[in-house]
Amino acid sequence: QFFTIMGLDRALGCQTKMIIGRRCLDAHNVTSEDVALAKERLRRDFAFVGLTHRWGEAILLFHDMYGGKPSLQEFSNVRPGGAGGATQGPAGHYDHALLGGLRDWADAEVWEEAQAVFEATRRDTRRIFAAPER
């Protein structure tokens, strides 16, 4: 209820909305048809799907697909989060308890699809994943 009062419920399905061509905070309740379209677009229309929590692998996969040699700078964390931030729990992990049980079902489904696309792309490549030489 806090999220509704603060108007934050409009952010639910943000990634799904953006993939289907809407703005994140559009006053649009995401439907299962929207999710299906977003998942289809991930598979069909995106030239590359990477995962930030697997950054190094994503960099290597990108270069395997499109060429060029990875540089050490590409593996740098240029936007590190500070320990103990507002959304972090113990050990710096994201604290879902702060959401009070709220679950973004649409973005969760799209996230699962993005992971599946990433894994399928990895399987289709020949690269042995290793960090660049120093």
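**View 1. Residues that join helix α3 to helix α5 in the predicted model.** In this predicted model, Ser32, Val35, Ala38, Lys39, Leu42 and Arg43 of α3 are in contact with Trp105, Ala106, Glu109, Val110, Glu113, Ala114, Ala116 and Val117 of α5. Sorted by class, the residues of this contact comprise nine nonpolar, one polar and four charged.

**View 2. Packing geometry of α3 and α5.** Helix α3, which spans residues 32-44, packs on α5 with the two axes 10 Å apart and at an angle of about 20°. Because angles under 35 degrees count as roughly parallel, α3 and α5 are described as roughly parallel to each other. The crossing in which α3 passes α5 is right-handed.

**View 3. Helix α4 against helix α5.** The axis of α4 (residues 55-66) comes within 11 Å of the axis of α5 (residues 105-123), and the two cross at roughly 55°; α4 and α5 are therefore oblique to each other. The crossing of this pair is left-handed.

**View 4. Side of α5 that meets α4.** From α4, the residues Glu57, Ala58, Leu61 and Met65 are in contact with Phe118, Thr121 and Arg122 from α5. By class, four nonpolar, one polar and two charged residues make up the contact of α4 with α5.

**View 5. The second largest pocket and its lining.** When the lining is divided by class, it contains five nonpolar, three polar and six charged residues.

Key. Residues are numbered from 1 along each chain as its sequence is written. This is a predicted model: local features need pLDDT of at least 70, side-chain atom pairs count only at pLDDT 80 or more; totals for chains, interfaces and linings use all residues. Side-chain values use heavy atoms; hydrogens and water are left out. Axes are lines fitted to C-alpha atoms, for helices over the stretch in contact, and angles run from 0 to 180 degrees between N-to-C directions. Helices (H or I, at least four residues) and strands (E, at least two) are DSSP runs, numbered from the N terminus. Angles under 35 degrees count as roughly parallel, over 145 as roughly antiparallel, 65 to 115 as roughly perpendicular and the rest as oblique. A crossing is left-handed if the near helix is turned anticlockwise from the far one by less than a right angle, and right-handed if clockwise. Contact means heavy atoms within 4.5 Å. Ala, Val, Leu, Ile, Met, Phe, Trp, Tyr, Cys and Pro count as nonpolar, Asp, Glu, Lys and Arg as charged, and the others, Gly among them, as polar. On a 1 Å grid over the protein atoms alone, a cavity is a set of points where a 1.4 Å probe fits but cannot get out, and a pocket is an open set with protein on both sides within 12 Å along at least five of seven lines; lining residues have an atom within 4 Å of a point.
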